[in-house]
Amino acid sequence: MREFIPPATRFVDLPDGFRMKRGGVLYGARIAYETFGRPNAERDNAVLVLTGLSADAHAASHPDDPTPGWWEVMLGPGKPIDTDLWHVICVNSLGSCRGSTGPPSIDPSTGEPYALGFPELSMEDIADAAAFTVRALGFESLACVIGTSMGGMSALSLLARHPGLARSHVNISGAVHSLPFSIAVRSLQREAIRFDPNWNRGRYDAENYPQRGMLTARKLGMITYRSPREWETRFGRARFRRDRGPDEDVFGPEFEVEGYLERHARRFSQRFDPNSYLYLSHCMDQFDLGETCAGDADEALSRIRLEKALVIGVRTDILFPLRQQRRIAEGLGADGSGVWFLPLDSREGHDAFLVDTERFGPPIAKFLAAL
């Protein structure tokens, strides 16, 4: 087990005895973050970015790390999230393997990696750790919190649990809870990892690594991150091989879409810790914003006080369907505050926010410019 930390990542130490929702307590824990742009004199231009499941804090290139970040197309000087105007803080989720304390981190009580000894993780824990980080960096009020995918969930949790911390919100392909289809897919992903013999109840190493389980889990995820329309348009029934040798597996991959999934999964599988994948995907399934208001998510949304909000969803998203973003927008706007709901027609499905700058960029830039 190992952590995968971008070179310019910095850290905030969580307080000893950091209490987690489901009873766990962390000692010596930390949160990884990176910043982009500079605070203004009034220190009122801070924007917090909360990420999806597998992203690190390196959202974009900057002088300390010129390698492209996971949201390079959206964040930087002159880009939709303009770092000439905004001081952007991107936080890596608690429970990840990208620098924040998680299953591959060393448990100070044993001197060994936590593995499955890491406490059960919740979206509320991720939100509380992010809020602590913001305050530790000297910000008591954010201009905006932006959450993408899983980050849309943790952003809602942060807003509900830390009233007044943010003046506005951009929720991108988020949800107040997971739907049965999403839970079913992630359950199969976890099963693929856990049933790999090399997983060994979380005690694997580089020589005995659950590679096949991770490959299958990532392929399942990729199928849901993009839309059927994109798969058909991009690959159709194109094949990368026509002839099969006598010793080749008759059931082996032959279509271009199979080759794409294999290549993408192989790149990812050795760059993300399997136990972190289990913990983070499980906490997505467990999350329900309604728990903050006795099971009523709409009531929880209506209690969140914001000056403005922008909620964006994609019509082709099968993992976080558009009706989930519509519900967020209606709930946040129940008190009459300025909430805009924007359904987009991008063919890329759930992952559209990562690549479709043409559709996502202008409305986000316009929203931030009006703050």
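The model is predicted, so local features need pLDDT of at least 70 and side-chain atom pairs count only at pLDDT 80 or more, while totals for chains, interfaces and linings use all residues. Residues are numbered from 1 along each chain as its sequence is written, and side-chain values use heavy atoms, with hydrogens and water left out.

**Overall fold**
- The chain has 11 helices and 14 strands, taken as DSSP runs numbered from the N terminus (helices are H or I with at least four residues, strands are E with at least two).
- Along its principal axes, the C-alpha trace spans about 70 × 50 × 45 Å.
- Take the contacts (heavy atoms within 4.5 Å) with a separation of 6 or more: 73% of them come from residues 24 or more positions apart.

**Surface and charge**
- The accessible surface is about 15,700 Å², and carbon and sulfur atoms own 50% of that; areas come from the Shrake-Rupley method with a 1.4 Å probe, and for residues only the protein chains shown count as cover.
- There are 43 positive and 49 negative side chains, with the centres of the two sets 3 Å apart. Lys and Arg count as positive, Asp and Glu as negative, with His and the chain ends not counted; each charge is placed at NZ of Lys, CZ of Arg, CG of Asp or CD of Glu.

**Thr-9**
- Thr-9 sits in the segment before strand S1 (10-13) and counts as buried because its relative accessibility is 10%.
- A polar atom of the Thr-9 side chain lies 3.1 Å from the backbone oxygen of Pro-6.
- Beyond its neighbours within four places in sequence, Thr-9 is in contact with Ala-32, Tyr-33 and Glu-34.

**Ser-281**
- Ser-281 belongs to helix H7 (residues 274-286) and is buried, with a relative accessible area of 0%.
- Its side chain has a polar atom 3.3 Å from the backbone oxygen of Leu-278.
- Apart from neighbours within four places in sequence, Ser-281 is in contact with Leu-53, Arg-186 and Arg-190.

Key. Buried < 20%, exposed > 50% of the residue type's maximum accessible area, 1.4 Å probe, protein only. Polar contact = N/O pair within 3.5 Å; in protein donor to acceptor, adjacent residues only side chain to side chain.
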